[in-house]
Every structure is written in structure tokens, then in C-alpha cells.
Amino acid sequence: MAIIVNGKKKMIIDRSIPEIVRKLSKFEREDIFKFMQLLTAFGVDIIEIDMKSISKINILPKNISYAYRVEHEKDVTLIKDYNFRYLIIKCDLAKNMKNDLIANINNSKIILEINIEKINDNFLNENYEVLNNFNIVCIRINNVKKCNFNSWSKFIKKIKNEFSVLIDFCPQNGYFAATAIAIESCLDGADFITTAFYGEKYGFAALEEVMLALKVIRNGEVIGNSKLLCEIKMVYEKLINQEVFPMKPVLGADIFKYESGIHVDGIEKNAKTYEPYNPCEIGSKRQMFIGKHSGKKAVITRLKQLNVKLIDIDVDDLLKKIRSKSIKLRRNIFDDELIKLYKSSTGNHIEWREKI
């Protein structure tokens, strides 16, 4: 399991690979391999793939649990040599599948995908044959776009009781609520959550946001290494040849940068007043920048971090020079520039290096 919340095991299915492959005309197979392996080490239980993924990747990495999406009946014959543990089949496709094909796939565990809009009081009677003919272990509730402010718990419990299956929620991001729905359904009794790395880019819940929210807000226990997130991001950026948005929650390069005096003071006293979690939890680190918004506290702190002994320093004078230069350059002040300004303000000649 990827995470334990309130004593309950929750499984994570990641469907990044089909979405990435669909958008890329070419990619390095080694990068795809490393990406999948890192996702598994991070805590993903099952990686979802499809025929297009297989045709482009060709050989799949071993020691990874896959769920293969059956798009057409012909897929059943094409994948018989892979022995996938899980198969994902849409309910409408399952209804019309021939008996000989059903026999070929019932060694696998079937995740039956159902559009939430089609689940009603008559659903059990209308799909009785499907539910009995297949080795269904899980029902995936698909196309969930809105939060349920009355809780999903009754809805989930009813399906579990009637069908004797586990429940997977696969939220869509049509109303920018996919991550919230994933977390909500997880807390309300869902056994599986289907996400995608940087999920909102593909219209799904963001894997990294769901995992961190459950860990930080709900004190969930992640069964994996969350410190791999920054490495996963770097492999992902290389794979798609595009940088992640700098202010993207969890993954953004700028989310742990700070400059203004009140932030510096707050982090120095108690980082929890400013940060929801320690950046080291995702393999990152905070970065303090000196610029036009900086105060005395920030300047002194940064000089100490650079191992500078503060002798005969007029902080007010130094701060004026920093602000003037920052405004002129229209950016923050680099460390070597800060040292030069310190030298010109004090007349001290120093060698410096940042503390490790």
C-alpha cells in the first residue's frame, strides 16, 4: 500500500505513462524506465498502461505492478503473454465481450470502470451478468468532477455492500477539484485512488499533492520515499522536455524561496509558521534570497550562512546599497554581489563559503 490513513490501507494507481506517451512523439526509453521505477519507490502501488504505451516502450521494466487498460477486444489477444495482474475494463466494453475472451482474462484481477453518472438504483440489475462473469475485485468510479459536501461514505459503502468489491476513485479536473475529490474520497472509504504525476496537466488528481496532503494534513503514513519527489520531477522534466511551473504546489522550484523580512524572521523562529512541511521531506531545501524586499534580519542571516564574520557592519548602510542595486538590476542579489557590497560598506577583506 502507498499510504495508511486513519489505520486504513490506501492503494495508489498512477496513470501518468499513457498521458505522457500520448503527448510525446519521441522520448528516451531509459527516462521512462527511471520515471516508473522512481514512482514505485515513491509509493505508487500500480502503474496504469495501455496498448499505445506498450507499443512505444516495447519492453516494460520488471518488478513493477501494472494495470493494463483494455480499450478494445483485440487487446485481450495482444497482451496474453504479459500476464498482467490487473486489467481495467470499461463497463460498456465488458457487457459486449465474448465468452472466450472473458475466459482468457479472468486469471487477472479486473478493475471495472464505471461512469459515476451511470450508477443508479437499477445499476445492479442492468449489469448483473457483467458482475458475475468477470473476476471483478474493484470498481473504479470514473468521471467524478464535483466534491460531495455530504461525504462519499454512504455512496462508497453501498457499492461495497452490494457488489463485494473494493472501490477506486478516478477524479477528473474539469472544475479544478480533482485533488480535493481524491483526498475526500480516500477519507470517506475508497480503497484505491487513481492519480497522475503533475495530474492537473492531464486532467487528473495530482499524485504528489494527494500524497503530501494525506501525509501532512491527515497524518498519513507514506509507505515509500517521499524524498524522491525532486528527483522524479527532474526525470519528468527531462522526459517531456519542459520545466514544471515554478509555483506548482509541491513540485515548483520557487515554493521554498523567500526574501521579505517577515518571512525570514518567521522561518528563523519557527519554520512551521511559514511552511506546511519541511522541504527536506520531498528532497528539496529552502532558499533565502536577498533583494529590495529584504530587511536587516535577512541580510545578517544570509551573511552568517555564507560564513562571514560580522565586523564593523552598518546594516542600514548595507541595506540601502542592496536595495539600490536590486532595483537597478531588477532582480535579487547574488551571493558574490552581496559580499562585494559588504566589503564596500565595511572595508573588510574576506573570503567566504556557504555553510553546508
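Guide: Buried means under 20% relative accessible area, exposed means over 50%, and partly exposed lies in between, computed with a 1.4 Å probe on protein chains only. This is a predicted model in which local features need pLDDT of at least 70 and side-chain atom pairs count only at pLDDT 80 or more, while totals for chains, interfaces and linings use all residues. Residues are numbered from 1 along each chain as its sequence is written, and side-chain values use heavy atoms, with hydrogens and water left out.

Visitor: Which residues of strand E3 are buried on one side and which on the other?

Guide: Helices (H or I, at least four residues) and strands (E, at least two) are DSSP runs, numbered from the N terminus. Strand E3 covers residues 46–49, and both of its faces are covered. The buried residues are Ile46 and Glu48 on one side, and Ile47 and Ile49 on the other.

Visitor: Which residue stands opposite Glu48 in E4?

Guide: Two strands pair if DSSP finds at least two bridges between them. Strand E2 (residues 8–14) is joined to E3 by two bridges and runs parallel to it, with Ile13 opposite Ile46. E3 is also joined by three bridges to the parallel strand E4 (residues 66–70). There, the residue opposite Glu48 is Ala67.

Visitor: Of which hand is the β-α-β unit that E3, helix H3 and E4 make?

Guide: A crossover is right-handed if, with the strands pointing away from the viewer, the path from the first strand over the helix to the second runs clockwise. Helix H3 spans residues 51–57, and the unit that it makes with E3 and E4 is right-handed.

Visitor: Which residues touch the most other members of the largest nonpolar core?

Guide: A nonpolar core is a set of buried Ala, Val, Leu, Ile, Met, Phe, Trp, Tyr and Cys residues joined through side-chain atoms within 4.5 Å. The largest one has 91 residues. Apart from it lies another core of 17 residues, including Tyr258 and Met288. In the largest core, the members that touch the most others are Phe35, Phe134, Ile139, Phe169 and Phe197.

Visitor: How many residues of helix H11 are buried?

Guide: Contact means heavy atoms within 4.5 Å. Not counting residues up to four places away in sequence, Phe197 touches Leu207 and Glu208, among others, and both of these are buried residues of H11. Helix H11 (residues 207–216) is mostly covered, and the number of its ten residues that are buried is eight.

Visitor: Is Glu19 buried or exposed?

Guide: Glu19 is found in helix H1 (residues 16–23). Leaving aside neighbours within four places in sequence, Glu19 is in contact with Tyr202 and Phe204. Because its relative accessible area is 8%, Glu19 is buried.

Visitor: Where does Asn83, which has a positive phi although it is not a glycine, lie?

Guide: The phi of Asn83 is about 55 degrees. At 66% relative accessibility, Asn83 counts as exposed. Its place is the loop between helix H4 (74–78) and strand E5 (86–90).

Visitor: How many disulfides are there?

Guide: A disulfide is a pair of cysteine sulfur atoms within 2.5 Å. The sulfur of Cys138 has its closest cysteine sulfur, that of Cys170, 11 Å away, which is too far for a bond. Cys230 is in no disulfide either, as the nearest cysteine sulfur, in Cys280, is 11 Å away. By this rule the number of disulfides is zero.
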